[in-house]
Amino acid sequence: TIFNFGSINIDHVYSVDHFVRPGETMTSSHYQKILGGKGANQSVALAKAGCDVVHVGAISKQDTHLLAELEAKGVNTEQIATLDLATGHAIIQVNKEAENAIVLFAGANHALSAPQIKQVLANAGENDWVLLQNETNEIDTIITTAKAHGLTVAYNPAPMDKAQVEKHLADIDLLIVNEVEAMDLAGVDNVDAAQASLVAQHPNLQILMTLGAEGVRYLNGKAVTQVAAFNVKAVDTTAAGDTFIGYALAGFTGNLGIESVLKQACAASAICVTREGASTAIPGHEEVSQFLKE
Ligand code: ADP
């Protein structure tokens, strides 16, 4: 089982002519309401990859339809609290150039409590994993409790908070970062320097560094495994990283070799970037197998 402590958002996406200006009231020509949040997206990807995933988080008690939506995609929602708070949400304007401007409200995503975290992990088995991102509160409690129970911890520190992440690098097993996060964390301005610095400082840490259209590198001490991305026509890269993480982690907890794991995760995220949307763009494992055969 993977316990994913993560955000659940409602993304409100508005198509606009231009971003709204101070004092302006503007009409949008198109509106879509989508389940999002890095946490929820990664849980959906884990479930679609065939993994047993328990999502731990919180939403408004008025939005219980989100639980049904996650369950329909195969995510266990028993540990999602329903509270008297707003569900985390994003107000997203997308202009004609496909740029976006976003207002984010964390709401219930910042209402995780230490007792809830401890109670969830009290029943975890020794082969279970904990996954977390940086979109919830109580990061310290999640990591220290997981380590106290001897669980394997995967941390995707997005959005990056360098001071917060550095505190925990000795306690986690797998760090998952994209290029920008790797460079921010290492305090350098190119990927190779970031890799060298992170590996030198943390020789026991496994690192997955995703490189967008370049693919991914897996660093384990001095060993480096690089897998190229698939050549596809990208139309929307939202949730590419989340899809990658779900499929990679599902592979890590199974018994495939590292190259196969990375290839499968690259295939799943390649399919994701060919589609619009976030959680709705994440493919199922049969589709990923079919893609790899072609
Ligand atoms: P994030 O979305 O977190 O910034 P990346 O951009 O590194 O993450 O993308 C994650 C993974 O998605 C990459 O490792 C790659 O396998 C896949 N991917 C991303 N962009 C493309 C693309 N344009 N073509 C093919 N695969 C892609």
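Predicted model: local features only at pLDDT ≥ 70, side-chain atom pairs only at ≥ 80, totals over all residues.
Good morning, colleagues. I begin with the record. UniProt, in an unreviewed entry, places the feature "domain: Carbohydrate kinase PfkB" at residues 5-283. Over that stretch the chain is 34% helix and 27% strand, and the C-alpha atoms at its ends are 22 Å apart.

I turn next to the ligand. There are 19 residues around the ligand, of which Thr210, Gly212, Ala234, Gly241 and Ser269 come nearest. What is the make-up of this shell in nonpolar, polar and charged residues? It divides into 12 nonpolar and seven polar residues, with no charged ones. Helices α8 and α9, the latter spanning residues 258-273, each supply at least two residues of the shell. The most comes from α9, which gives four residues.

Both of these helices also take part in helix contacts, and I shall take them in turn. In general, two packed helices are described by the angle between their axes and the distance between the axes.

Consider α8, residues 240-253, and its partner α1, residues 38-48. Their axes come within 8 Å and cross at roughly 45°. Angles from 65 to 115 degrees count as roughly perpendicular and those under 35 as roughly parallel; α1 and α8 are therefore oblique to each other. Their crossing is right-handed. On the α1 side, the contact is made by Lys38, Asn41, Gln42, Ala45, Leu46 and Lys48. On the α8 side, the residues are Asp242, Thr243, Ile245, Gly246, Tyr247, Leu249 and Ala250. Together, the residues of this contact divide into six nonpolar, four polar and three charged.

The second contact joins α9 to helix α10, residues 285-293. Here the axes are 9 Å apart and the packing angle is about 100°, so α9 and α10 are roughly perpendicular to each other. From α9, Lys263, Gln264, Ala267, Ala268 and Ile271 meet Glu287, Val288, Phe291 and Leu292 of α10. This contact divides into six nonpolar residues, one polar and two charged.

I close with the backbone. Most residues other than glycine have a negative phi, and most peptide bonds are trans. Which peptide bond is cis, with omega near -5°? That bond runs from Ala158 to Pro159. Pro159 lies in the loop between β9, residues 152-156, and α5, residues 162-168. Ala98, a residue other than glycine, has a positive phi, near 65°. Ala98 is placed in the loop between β6, residues 88-94, and β7, residues 100-105.

Thank you for your attention.

Methods: Residues numbered from 1 in each chain as written. Axes fitted to C-alpha atoms, helices over the stretch in contact; angles between N-to-C directions. Parallel < 35°, antiparallel > 145°, perpendicular 65-115°, else oblique. Left-handed = near helix turned anticlockwise from the far one by under 90°. Contact = placed C-beta atoms within 7 Å. Nonpolar A, V, L, I, M, F, W, Y, C, P; charged D, E, K, R; others polar. UniProt positions renumbered as here; feature names shortened; annotations may be inferred. Near = placed C-beta within 6 Å.
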